[in-house]
Amino acid sequence: MKKKIAVFTNGWNDEYLDFVLEGIKNAASQYHIDVFVFLDYTSYDKSNENLVGELNILNLPDLTEFDGVLLLGNTLYVSGEIDILREKILEVGIPAVCLEALIDDIDCIRTENINGMKELTEHLITEHGVKDIFWVGGPSDNAESNDRYNAVVEVMEKHGLTMDPEKQVDGSWSFSIIQELMPGILEKMDKLPDAFVCANDVMAMGVCLSLDHAGYKVPDDVLVTGFDNLLSGSYFSPTIASVDRGWNERSRQAVDHLVSLMNDGHHQADIIYNSTFDPGESCGCPISPEDLINQKEAGRRTYSLPLERTVFDWHLLDIDEYTSQVESIEGLHDNLNALWTKNHTYTGDDFAICLDQTFMDSIEDDDKLRIEGYSEKMDVVFCMVNGKCMPRGSVYTKDLVPYYNAKADETNLYLFIPLHIRQYCEGYLVIKNHHKIIKDFYLNSFVSHISSGLDRARQNIKLENMYRRLEEISVKDELTGLLNRLGYEKLAIPYLEELREKKKKAIILVADINRMKLINDKYGHLHGDMAIKITAHALQKSIPKEWKAVRYGGDEYVIIGEAALCENINRLKKNVIEDIAKQVSDYELPFKLSVSIGYVNVASDSNLSIEECFRMADDAMYHMKEVAHKEEAAE
């Protein structure tokens, strides 16, 4: 059986994941291991309800089904993911490695934060004469950010410089937060510092753009540096001076060490590699040959990226359209088939939407969706395998992937992303061997539209079901379940007209309970209601299911049907009478119950009106009633 490892990460670090997941998959392929990546989109600017919905993905995998766990620890810091996962890992006792974050009782492979940041700070001071630094950090309680800050302070102090406590801000690793904060920071400054030293490249690019908007040029007026050495930093102008962490190499080393632990290898609590400084234009250095190549690529992307995004947005609109115009789960399945048969560029050839059972149940009743965990079984409302749409089916949640092949020769990487509306779980999306969709936040937009579309579809189906039930109630007789007078007009008569239009012979049958007034007067209306229900049950049981049975009045019934569906109408009448007698006996009723039945055949070429046909059947019934009354009187 092929081994499996579970990887946990946050999806916002898209460029980091592009490198790391590729490295993990390549390393795993050497050991014939499948990789299952559980990804959330928690962030500081999301509501608590949304965070609950995202974090539920941590409850999806049963870790006892896996051989090892790999945590991308530097991404799992927003909502306590590390603590949640550590507890799960230690409870199961599964081999685990954390990449880039030190966790108690779990082996760690990481690039230290200090060496590269010291090199960067030394470079700024000795090569560019920097004396005054403004620090742009991550969250104040984040160990990595604090390590980087302390490295800057240590080098400054070595050169007789001090960090002004007023010249630092918590940017929470976020481009958007820095964009919000920088105008106010610049407005309060009497003069610019020599350099803005940022704890990551994302914030560094945010600082550069804010400075440019305020009329300052980097590096002419002020220097800016980052950390992480993102590819987007070399696309940026000026290219971002940064600290490299060797992501590809670290991911390979993490998989190697995890496999060693899976094979009863030795624990090594903390394996540390040095980070290194990589100069760039933003610190006043010339552009490197590698960055020059990347800049040319960025120029081409300047043209292609907006077009790509526009085409992607069209696809998102298609998702909205195809999920909103549905009236049933089957209709949703059909629409999704049509949608992704037309275009599955962004998901690849293998992916599935798995819906939680509470999502399915909520369509039929008013139960709320699940908040924590997943049902034992998932409804696979859509699945594509090798580019082919599969029938709607189900999958046991512990198996995770519909049509999973544990004997496949190649190593596969599966992405699992939560589908939810606020804190309420809808299910999950699984994508095979297509982690590139994470890039440029495409995956987050894609999943958000699927989640919203599923919620719209659920509401539409609930409304359609409610309308259908109301419509059924409006045409049904409450006591007997047969059609009522409105049902007679809306369903029975149109059925008869349809038979006549198709030149099919029809039957109109009229039934009436004998001595109904006597039953009510002598035994009460409860027994009278019982007589009405018994007769209705006998009629419904005896006639073909396609026929329309109507409670036309108090104790009078009308039945309309296609004659070809009944071989012997007299046998049918006898069945009704016998069934009524049996029910009376079974219930030990104190009264005699009989029914008179008359009918008329309506020829396919008949010119009689419906009213005339009905009158003829009614006359036949009353003739039988007179006979029945005479027979009773003779008794």
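This is a predicted model: local features need pLDDT of at least 70, side-chain atom pairs count only at pLDDT 80 or more; totals for chains, interfaces and linings use all residues.
Two strands are taken to pair if DSSP finds at least two bridges between them. Ile421 has Tyr424 of strand 18 as its bridge partner. The hairpin made by strand 17 and strand 18 leaves 2 residues between the strands, and Arg422 there takes a positive phi near 55°.

Strand 17 has a parallel partner too: strand 2 (residues 33–40) joins it over 4 bridges, with Phe38 standing opposite Phe416. Strand 17 itself (residues 413–421) is mostly covered, since 9 of its 9 residues are buried. In a regular strand, side chains alternate between the two faces of the sheet. Here, Leu413, Leu415, Ile417, Leu419 and Ile421 point one way, while Tyr414, Phe416, Pro418 and His420 point the other, and all are buried.

Leu415 also turns up in the largest nonpolar core, which has 115 residues. Leu415 is listed there among the residues with the most contacts inside the core, along with Phe196, Leu211, Trp340, Ile353, Leu429 and Leu443. Helix 13 (residues 442–475) is the biggest contributor, giving 8 residues to this core. Another core lies apart from it, with 52 residues that include Tyr495, Ile507, Ile513 and Ile534.

A separate look at the parallel pairing: 4 strands form an open sheet in the order 7-6-8-9. Strand 7 (168–170) and strand 9 (223–225) sit at the edges with a single partner strand each, so one side of each has no neighbour in the sheet. From one strand to the next, the twist averages 15°. Strand 8 (residues 195–198) and strand 9 run parallel and are joined by 3 bridges, and Val197 stands opposite Thr225 in strand 9. Helix 4 (residues 114–128) packs on this sheet, where it touches strand 6 (133–137), strand 8 and strand 9, and its direction makes about 170° with that of strand 8. Helix 5 (residues 143–158) packs on the sheet as well, touching strand 6, strand 7 and strand 8, with a direction at about 170° to that of strand 6.

On the cysteines, the structure holds 0 disulfides. Cys208 is in none, and the nearest cysteine sulfur, that of Cys198, is 7.4 Å away. Cys208 counts as buried because its relative accessibility is 6%. For Cys425, the closest cysteine sulfur is in Cys354 at 11 Å, so the two are too far apart for a bond. Cys425 is buried as well, with a relative accessible area of 2%.

Zooming out, the protein chain has 18 helices and 22 strands. Its radius of gyration is 37 Å, whereas a compact globule of 635 residues would have one near 26 Å. Along the principal axes, the C-alpha atoms fill a box of roughly 125 × 55 × 45 Å. Of the 635 residues, 53% count as buried. Among contacts with a separation of 6 or more, 74% involve residues 24 or more positions apart.

Technical notes:
Residues are numbered from 1 along each chain as its sequence is written. Side-chain values use heavy atoms; hydrogens and water are left out. A disulfide is a pair of cysteine sulfur atoms within 2.5 Å. Buried means under 20% relative accessible area, exposed over 50%, partly exposed in between (1.4 Å probe, protein chains only). A nonpolar core is a set of buried Ala, Val, Leu, Ile, Met, Phe, Trp, Tyr and Cys residues joined through side-chain atoms within 4.5 Å. Axes are lines fitted to C-alpha atoms, for helices over the stretch in contact, and angles run from 0 to 180 degrees between N-to-C directions. Contact means heavy atoms within 4.5 Å. The radius of gyration is taken over C-alpha atoms; the globule rule is 2.2 Å times the number of residues to the power 0.38.
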